Each structure stands twice: as structure tokens, then as C-alpha cells.
Amino acid sequence: IGGENAGLQEIDLALRHLIEATDPGSEDQVQPSLLGRRNTLTLITEVPGLTELPGDATGPVEATLLVDGQHRLMLRWRPLPRGSHVERPQPANETELQCCVSRMELSFWQQTGGWVGGWQSSQLPAMVRIHLVFSNHRLRGWPDIIVAPKLDRR
């Protein structure tokens, strides 16, 4: 997807899908399926069309969204083990989504307090806001991405 003039609408759609497809978890789930800081987001989600996945091309992945030291918006992901047997975690794959990103600012909507700068709850936030700051002046006017994950639990 990457490159200086990559289609920001494609990136917008990809980021929206990642958040919308976040696993809402179950009532007895201990580990949150979405963890956020001001500049990184890790979630359990589905990424359609990943050819690196064994077998079918869809399935749950652990995905992390961040801006690396080379000012690239990166998606690091690895398939989650399937079934009840314990597997050794697979190494993370990396996909560059966009270059020329100075930073990413994340915030999370909680019903009782509005926007907060981090998320560690086992419940999903009502909304996630992604603000990208570009180093390329031609990309600076891109609006924030605000998306709601599916909140229905299993």
C-alpha cells in the first residue's frame, strides 16, 4: 500500500476495517482484545486478503499499528494460534501502510469520560480516533479517522 503518494482513502478504509473487525471478546475473557496508547494500537482483528496466512486467507490476527523510526505508518501482525493446543507464536509480519508520517495520535471514547489517551479495558471503546501528522505538506489536511468497533460480545 505504501509510498509517498499512496491512496489515503485506501489507508483510511484499511484502518477502519481493522478497528471495525476487532474481536469484541467474551464475558469471561481476561486479556483485552484492544490495547491502546497515544501512539500505538494493538488489537485482535481480521485482515482480509493476507496471502501470508496459512490455509485460508482470513482469520484472527494480533495486529499492532505504529509509526516507526523511519516515519512509516506500519502494521505489524501475526496469526493467532487456532484450536486449543498451545503453539509457539509466529514471528510478526510487517506491512508499510504509508510513508512520511511524523506521528500518530490515538484517542479512545469512553462513555463516562469522553476521549482518553489510552485504553486497557476488557470492554472495547465506543470509538477510536486516529490522527495522522504527515511530514509531507501535501498530505497535511487529511481528516481524523473516527471509527466504532463492533461491540457485541460472543
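Is Arg78 buried, partly exposed or exposed, and what is its relative accessible area? Arg78 is partly exposed, at a relative accessible area of 27%, where buried means under 20% relative accessible area, exposed means over 50% and partly exposed lies in between (1.4 Å probe, protein chains only). The model is predicted, with local features needing pLDDT of at least 70 and side-chain atom pairs counting only at pLDDT 80 or more, whereas totals for chains, interfaces and linings use all residues. Residues are numbered from 1 along each chain as its sequence is written, and side-chain values use heavy atoms, with hydrogens and water left out.

**View 1. Salt bridge between Arg78 and Glu62.** The closest N and O atoms of Arg78 and Glu62 are 3.0 Å apart, a salt bridge being a side-chain nitrogen of Lys or Arg within 4 Å of a carboxyl oxygen of Asp or Glu. Arg78 belongs to strand β4 (residues 73-79) and Glu62 to strand β3 (residues 60-67), so the contact ties together parts that are 16 residues apart in sequence; helices (H or I, at least four residues) and strands (E, at least two) are DSSP runs, numbered from the N terminus. Glu62 is partly exposed, at 26% relative accessibility. A search of the whole structure finds six salt bridges.

**View 2. Salt bridge between Glu94 and Arg76.** Here the closest N and O atoms are 2.4 Å apart, and the pair links distant parts of the chain, with Glu94 in strand β5 (residues 93-98) and Arg76 in strand β4, 18 residues apart. Glu94 is partly exposed, with a relative accessible area of 43%, and Arg76 is also partly exposed, at 32%. Elsewhere, salt bridges that share partners join Asp68, Arg72 and Glu96 into one network.

**View 3. Aromatic pair of Phe108 and Trp119.** Rings of Phe, Tyr and Trp (its six-membered ring) pair if their centres lie within 6.5 Å, and planes under 30 degrees apart count as stacked, over 60 as edge-to-face and the rest as tilted. A search of the whole structure finds two aromatic pairs; in the tilted pair of Phe108 and Trp119 the centres are 6.5 Å apart, with 40° between the planes. Phe108 is buried at 0% relative accessibility, and Trp119 is buried at 8%.

**View 4. Aromatic pair of Trp109 and Trp115.** This pair is edge-to-face, at 5.3 Å centre to centre and 75° between the planes. Trp109 is partly exposed, with a relative accessible area of 26%, and Trp115 is partly exposed, at 28%.
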